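Open the structure in your viewer and keep the selection tool at hand. This tour moves from one selection to the next and says what to look for at each stop.

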Amino acid sequence: MSTVTDTTGWTPAKRLDGKVAVVVGAGQSPGEGLGNGRAAAIRFAREGARVLAVNRSIDSAEETAEMIRKEGNEAVAFKCDIRHEADIIAAIGEARRRWGALDVLHNNVGVSLGGGDADLMEITEERFDNIYQTNLRGVAFTCKHALAIMREQRSGAIVNVGSAAAVGLYPYVAYKATKAGVNAMTEQLALQNARYNIRINAILPGLIATPMAVETRARQFGKSRDELMAERAAKVPLGRQGTGWDVANLALFLASDEASFITGVCILVDGGRVLNRI
Ligand SMILES: NC(=O)c1ccc[n+]([C@@H]2O[C@H](COP(=O)([O-])OP(=O)(O)OC[C@H]3O[C@@H](n4cnc5c(N)ncnc54)[C@H](O)[C@@H]3O)[C@@H](O)[C@H]2O)c1
């Protein structure tokens with residue numbers, strides 16, 4: 001298994017030294033390139049965190065954990081489908097059982113086309129429910145069980161990965177509406193948990209060159225990977241798609257004490273894409 005090279009020239013500064021981080025959605029969809037959750041898990045571990053790499057596909061989580069361990073850092077894979085509360089309780093409980101605390105919850109799971117999303121005139125109840133259970137209810141319930149521990153500790157940071165689709169143009173309403181729900185939930189939970197010294201923020205990625213975004217769409221629209229990559233890059237004012245590292249860099253900042261006065265914000269990582277709506 002190969003290690004992944006950081007393309008942003010990042011130098012680790014141990015911003016999460018000794019912290020316990022649960023990264024939910026720490027695997028990635030099959031295909032070329034780096035997913036957002038895997039990048040965050042690797043970045044957190046390089047900065048000193050012990051990482052529980054949680055994912056529905058245990059093989060994919062194990063691949064991430066193995067990449068981290070190969071670099072001499074600490075990670076354990078854990079199987080969990082966030083559509084089931086019992087799985088979430090087991091995953092969050094495992095971090096505390098193993099390492100005695102929960103400092104960071106990174107909620108990376110999200111599905112759109114790969115989860116059955118479609119134009120509203122074509123989507124079925126079952127597919128809509130799957131997007132909702134994954135993108136909104138699942139994220140709410142990981143927060144629920146992490147917050148129970150963080151309130152006891154009187155410390156913690158939660159980073160929710162939403163989407164620029166929540167505030168920009170997006171053709172599929174199940175994804176857009178559930179991601180808009182993540183923003184609303186982030187603000188509300190931030191307000192209700194500030195008194196416990198818990199910070200909750202969201203990242204809204206734009207067009208990121210992850211296997212989930214590129215490969216799924218190439219298949220769906222019958223295009224080559226290169227064609228799709230070029231089309232996506234052309235939509236971004238900064239002239240390129242983002243990478244998992246661009247998302248992970250903000251996740252690290254929000255999870256770290258450097259962001260100790262920041263809570264309840266939803267920050268775009270989109271190369272200016274949302275400015276370019278017309
Ligand atoms: N790639 C983009 O362009 C883009 C843009 C905006 C937002 N995002 C958001 O970034 C996040 C990660 O996206 P990515 O492109 O890296 O995707 P990805 O599919 O590679 O990563 C998501 C991970 O979550 C896992 N997962 C899916 N359903 C799950 C479930 N029910 N329980 C547990 N694990 C589950 C998948 O197996 C995968 O490992 C998502 O929330 C996505 O909505 C991505």
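Begin by selecting helix H1 (residues 36-46), which lies across strand E1 (20-24), strand E2 (50-55), E3, strand E4 (104-107), E5 and E6, and which runs at about 170° to E1. Helices (H or I, at least four residues) and strands (E, at least two) are DSSP runs, numbered from the N terminus, and angles run from 0 to 180 degrees between N-to-C directions, along axes fitted to C-alpha atoms, for helices over the stretch in contact; residues are in contact if their C-beta atoms, placed from the backbone, lie within 7 Å.

Residues are numbered from 1 along each chain as its sequence is written. The model is predicted, and local features need pLDDT of at least 70, side-chain atom pairs count only at pLDDT 80 or more, and totals for chains, interfaces and linings use all residues.

Next, select the seven strands, which form an open sheet with parallel pairing in the order E3-E2-E1-E4-E5-E6-E7; two strands pair if DSSP finds at least two bridges between them. At the edges are strand E3 (75-79) and E7, each of which pairs on one side only.

Now select H5, which packs on the sheet, touches E5, E6 and E7, and makes about 165° with the direction of E6.

Finish at strand E6 (residues 198-205), where eight of the eight residues are buried, so the strand is largely enclosed by the rest of the structure. Buried means that 20 or more other C-beta atoms, placed from the backbone, lie within 10 Å of a residue's own. On E6, Ile198, Ile200, Ala202 and Leu204 point one way, while Arg199, Asn201, Ile203 and Pro205 point the other way.

Notes. Buried ≥ 20, exposed ≤ 12 C-beta atoms within 10 Å, placed from the backbone. Contact = placed C-beta atoms within 7 Å.
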